[in-house]
Amino acid sequence: MFAIVSDIHSNLEAFTAVLAEIERREIQHIVCLGDIVGYGPNPVECIDLVIQRCRASLMGNHDFAVFYEPFNFNAGAEAACFWTRKCFENDTDTQRRAARWKFLGNLPVRIRTPEFVAVHASPRRPVNEYIFPDDIYTNPGKFVSIFERFERLCFVGHTHVPGVFLEGPDFYSPDELDYRFEITDEKAIINVGSVGQPRDRDPRSSFVVVNDTYVEFVRLAYDVETTVRKVEAIAELDNFLGTRLLDGR
Ligand SMILES: [Fe+2]
């Protein structure tokens with residue numbers, strides 16, 4: 001049994017609540033699918049926690065943007081990216097600073113085990129491609145190519161919308177699955193949702209617990225108001241990055 005988290009986005013209140021829940025369940029191993037930073041007010045604290053607590057982490061497009069350069073970002077996301085970089089640079093402990101940059105720059109783009117593949121975004125373009133539920137209707141051909149890229153199970157994040165894609169193509173939200181997806185021989189892409197910025201109109205943090213025969217979707221309330229206040233207090237962070245958390249959008 002292990003947990004998969006994704007899209008923490010510098011939201012310390014959400015991430016510490018999720019880590020406490022994982023500890024309460026006595027789950028030893030955590031995999032992070034990336035986007036540790038970007039958007040939120042506590043990038044340094046969140047990356048330190050991922051280094052301490054996660055067995056592995058992947059490179060998300062926001063991690064890439066902070067380390068290299070923002071690509072195709074809106075103004076708010078780009079400003080958050082440069083502010084995040086400044087937070088890393090402001091640490092006067094040079095060794096700690098170098099260790100964080102090294103960790104960020106060395107994040108892999110894919111994890112492959114006999115049981116599953118994990119990427120931040122999509123098995124076709126692991127850092128950047130969005131797989132949205134609407135693509136089933138607007139771009140069904142996309143799924144043929146994406147499903148060819150893995151054997152059985154593929155875990156993703158990136159859209160901040162949890163759920164399961166089947167080869168149909170079909171999409172099932174956690175609600176429709178009663179928060180439990182039985183693992184069969186059928187191929188599935190499982191989006192674990194976002195810890196720090198859910199966008200499915202449910203403001204609670206989202207993550208999954210992977211058991212031998214099924215995947216459990218978990219939602220967890222956290223102290224959103226504190227995160228919103230922190231965002232509002234930082235001039236470089238657009239207030240919308242806080243208020244959107246209240247409605248999970
Ligand atoms: Fe993200």
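In strand 6, which residue is the bridge partner of valine 117?

A: In this predicted model, valine 117 has cysteine 154 of strand 6 as its bridge partner. The pairing belongs to a parallel arrangement in which strand 5 (residues 117–118) is joined to strand 6 (residues 153–156) by 2 bridges. Both strands are part of an open sheet of 6 strands, ordered 4-5-6-10-7-8 and with mixed pairing. Strand 4 (111–112) and strand 8 (170–172) stand at the edges of that sheet; each has a single partner strand, so one side of each is left without a neighbour in the sheet.

The loop between strand 7 (163–166) and strand 8 contains proline 169. Glycine 168 and proline 169 are joined by a cis peptide bond, with omega at about 0°. Most peptide bonds, by contrast, are trans.

Another loop, between strand 10 (188–191) and strand 11, holds arginine 201. Although arginine 201 is not a glycine, its phi is positive, at about 70°. Its relative accessible area is 62%, and because values over 50% count as exposed, arginine 201 falls in that class.

Together with helix 1 (residues 12–24), strand 1 and strand 2 form a right-handed β-α-β unit.

Strand 1 (residues 2–5) is covered on both faces: Phe2 and Ile4 are buried on one side, and Ala3 and Val5 are buried on the other. Val5 is also among the residues with the most contacts inside the largest nonpolar core, which has 47 residues; the others named with Val5 are Ile8, Phe15, Ile22, Ile36 and Phe207. A second, separate core has 22 residues, including Val31, Leu58, Val164 and Ala188. As for isoleucine 8, its contacts, apart from residues up to four places away in sequence, are Phe15, Cys32, Gly34, Asp35, Ile36, Cys46, Val50, Val195 and Gly196.

How values were computed:
Residues numbered from 1 in each chain as written. Predicted model: local features only at pLDDT ≥ 70, side-chain atom pairs only at ≥ 80, totals over all residues. Heavy atoms only, no water. Pairing = 2+ DSSP bridges. Helix = DSSP H or I, 4+ residues; strand = E, 2+ residues; numbered from the N terminus. Buried < 20%, exposed > 50% of the residue type's maximum accessible area, 1.4 Å probe, protein only. Right-handed = clockwise from strand over helix to strand, strands pointing away. Core = buried A, V, L, I, M, F, W, Y, C linked by side-chain atoms within 4.5 Å. Contact = heavy atoms within 4.5 Å.
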